[in-house]
Amino acid sequence: MTKLTSIRTIAALAFAGSIALGGAVTADENAELVINGELALVTKTAAPDHLKDSLDEIYSGWVYRETDTQAMQMDDFDNPGMVFVDLGMDAWNKVEGTENKSCASCHNDPAESMKGVRATYPKWNEAAGELRTVEGQVNHCRTKNMGAEPYKYVSGDMANMVAMIAVQSRGMPVNVAIDGPVKAAWEQGKEIYYTRTGVLDLSCASCHEQNYGNYIRADHLSQGQINGFPAYRLKDARLHQVQDRFWGCIRDVRGEPYDRGSPEFTALELYVASRGNGLSVEGASVRN
């Protein structure tokens, strides 16, 4: 046995030992996510057709949270992520750049112009001939239309803006396209999702498809759905963007993460988003 194989074996055994396999926790089929007592969200639905060989049903990560954490997300006054949504709204109206414009200069009220946006991204941009995330579109608008500096891809400013945009689609079903010009990227994302990596020799599927519902270090593994991003994580009191979470997961398995905003992570985001087609947009959600 080589030294590397030995390390991987020991690490994998340690990881396996941290997952309680004695009876997976079934998502509470009766749990209902209703925001502010009026907006009902879909947290459980039939898996999209492309997942039929792997999953029968898909569940939002909200289903696996503790009751107190679930309750936070159900009331905008208690949801700590909404503070950052307000900051995103301030940035929306702020005039910046050489063109002396704000986001509102072109897009007016985000409740109308941004409705449905989060539900369909990542998506193909025909003019640019590329797959874009919400973050990528925000920076395109800032640099090309406003003459402003781009936000750092993973940053407080970007997370605030994306969260504010996400709220406008809250309750709408995730519906990202996986065919046509995005097909190749979707296939690339799928390959990344199922490829084992790092010293622990694990893939995204190892946790979020094969072990969801089980305990890991006193917490539940979810299906890894991203319909709730940006997500406010209680453990470090800030919003997390999708690709920031991807980076953290690969780091945790002792792998070499791709850059945030890279074609690889953008392809992975498209694939993972498609696994949640049919769930409601939740951002800004609350997670552990």
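## Exercises on a predicted model

**Exercise 1.** Which helix gives the most to the lining of the second largest pocket?

*Solution.* H7 gives the most, with six residues. The model is predicted. Now place H7 among its partners: helix H4 (103-107), helix H7 (134-145) and helix H8 (156-167) each supply at least two lining residues. Next, take the volume, about 260 Å³. Of the 18 residues that line this pocket, the closest to its centre are His107, Met114, Gln137, Val138 and Cys141. Last, sort the lining: twelve nonpolar, four polar and two charged.

**Exercise 2.** Describe the largest pocket and find its main contributor.

*Solution.* Start with the space: about 1,400 Å³. Of its 49 lining residues, His208, Arg245, Gly248, Cys249 and Asp252 are the closest to the centre. Elements giving two or more residues include H9, helix H11 (242-252) and H12. H11 has the largest share, nine residues. By class, the lining holds 21 nonpolar, twelve polar and 16 charged residues.

**Exercise 3.** Classify the crossing of H9 and H12.

*Solution.* First, the geometry: the axes of helix H9 (residues 183-194) and helix H12 (residues 263-275) come within 7 Å and cross at roughly 85°. Angles from 65 to 115 degrees count as roughly perpendicular. H9 and H12 are therefore roughly perpendicular to each other. Then the contact: its residues divide into eleven nonpolar, three polar and three charged.

**Exercise 4.** In what order do the strands of the open three-stranded sheet lie?

*Solution.* The order is S11-S10-S12, with mixed pairing. Strand S11 (238-240) and strand S12 (285-287) are the edges. Strand S10 (residues 231-233) pairs with S12 in the parallel sense, over three bridges. Ala231 stands opposite Ser285 in S12.

Technical notes: Residues are numbered from 1 along each chain as its sequence is written. This is a predicted model: local features need pLDDT of at least 70, side-chain atom pairs count only at pLDDT 80 or more; totals for chains, interfaces and linings use all residues. Side-chain values use heavy atoms; hydrogens and water are left out. Axes are lines fitted to C-alpha atoms, for helices over the stretch in contact, and angles run from 0 to 180 degrees between N-to-C directions. Helices (H or I, at least four residues) and strands (E, at least two) are DSSP runs, numbered from the N terminus. Angles under 35 degrees count as roughly parallel, over 145 as roughly antiparallel, 65 to 115 as roughly perpendicular and the rest as oblique. Ala, Val, Leu, Ile, Met, Phe, Trp, Tyr, Cys and Pro count as nonpolar, Asp, Glu, Lys and Arg as charged, and the others, Gly among them, as polar. Two strands pair if DSSP finds at least two bridges between them. On a 1 Å grid over the protein atoms alone, a cavity is a set of points where a 1.4 Å probe fits but cannot get out, and a pocket is an open set with protein on both sides within 12 Å along at least five of seven lines; lining residues have an atom within 4 Å of a point. Grid points are joined across faces, edges and corners, and a volume is the space filled by probe spheres set on the points.
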